[in-house]
Amino acid sequence: MNIPNLLKKYDLFSKLSSNALENLSVKAVYKKLDAKEMIFTEGFEGSFFYMLLSGSVRIFKTSYDGKESTIKIIHPGEIFAEAALFQKKNYPASAVTVEKSEVIAIHRKSFFEMIRDQNSNYVFIEAVFGKLRFLTDQIHYLSSHDVEDRFFRFLISTYGKKYRYNISLAKKEIASAIGTIPETFSRLILRLTKMGIIAWKKNSLIIKDGFWDNDYFNE
């Protein structure tokens, strides 16, 4: 497995020099993971951050009473767990695959060797600020949109605009991802079903024909 060539296919790494890619790939590990396989656990010490090549990964935190709150769904081409590189050695959240996935685990030491290159340093600082922008946008998103709106926008951002979806996430995980509780989400699904907007059986979600034509979702 040629890890430098794999990384170079993605925008985040495409501008790195061959030397920087080689440095970054030292101790890097390519992994194939099954669905619902834990990648790392909140609070545990870790030496790697990750690049998702295929599949999807759920980042979540666990409260003292054992309740999980989804922070973000990671899509191919995104990095995650980079906070452990800059803040502390323990992971601030947990990560689990939603479906069969492929990742590259990149070691902390390789990362710091790579960013000695000034251009490489800039690329990764830009990526970190991108994550900060996401968190800021997420706060605004939760405060300015109702649960129904957040649900449909979650479908768009996670799966795209379709009329038939194969949903691999549990409903409680979607509820957490859109910032609500399972009971509220269940009431929303029941209301949308009665209105004929959706039909949801097991993993199959069907959206009413023409629904996405609404200009509101084209903003």
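Colleague: What does S94 touch, leaving out residues up to four places away in sequence?
Modeller: S94 touches M38, F40, T41, E42, R58, I59 and F60. Contact here means heavy atoms within 4.5 Å.

Colleague: What are we looking at, and how is it numbered?
Modeller: This is a predicted model, where local features need pLDDT of at least 70, side-chain atom pairs count only at pLDDT 80 or more, and totals for chains, interfaces and linings use all residues. Residues are numbered from 1 along each chain as its sequence is written, and side-chain values use heavy atoms, with hydrogens and water left out.

Colleague: Where is S94 placed?
Modeller: In strand β7, residues 94-97. Strands (E, at least two residues) and helices (H or I, at least four) are DSSP runs, numbered from the N terminus.

Colleague: Buried or exposed?
Modeller: S94 has a relative accessible area of 2%, so S94 is buried. Buried means under 20% relative accessible area, with a 1.4 Å probe and protein chains only.

Colleague: Which backbone atom lies 2.8 Å from a polar atom of the S94 side chain?
Modeller: The backbone nitrogen of E42.

Colleague: New topic. How do α7 and α9 pack?
Modeller: Helix α7 (residues 147-159) and helix α9 (residues 182-194) pack at about 80°, and their axes are 10 Å apart. Axes are lines fitted to C-alpha atoms over the stretch in contact, and angles run from 0 to 180 degrees between N-to-C directions. The two helices are therefore roughly perpendicular, a label for angles of 65 to 115 degrees.

Colleague: Which residues meet there?
Modeller: V147, E148, F151 and F152 in α7 meet T184, F185, L188, I189, R191 and L192 in α9. They divide into 7 nonpolar, 1 polar and 2 charged.

Colleague: Now rings. How many aromatic pairs?
Modeller: The count is 13 aromatic pairs. Rings of Phe, Tyr and Trp (its six-membered ring) pair if their centres lie within 6.5 Å; planes under 30 degrees apart are stacked, over 60 edge-to-face, the rest tilted. Y50 and F80 are stacked, 5.4 Å centre to centre with 15° between the planes. Y50 lies in strand β3 (residues 48-54) and F80 in strand β6 (residues 79-80), so the pair ties together parts 30 residues apart in sequence. Y50 and F80 are both buried.

Colleague: What about F151 and F185?
Modeller: Their ring centres are 5.4 Å apart and their planes are at 70°, so that pair is edge-to-face. F151 lies in α7 and F185 in α9, so the pair ties together parts 34 residues apart in sequence. F151 and F185 are both buried.

Colleague: Which residues form one aromatic cluster?
Modeller: F151, F152, F185, W200, F211 and W212.

Methods. Buried < 20%, exposed > 50% of the residue type's maximum accessible area, 1.4 Å probe, protein only. Polar contact = N/O pair within 3.5 Å; in protein donor to acceptor, adjacent residues only side chain to side chain. Parallel < 35°, antiparallel > 145°, perpendicular 65-115°, else oblique. Nonpolar A, V, L, I, M, F, W, Y, C, P; charged D, E, K, R; others polar.
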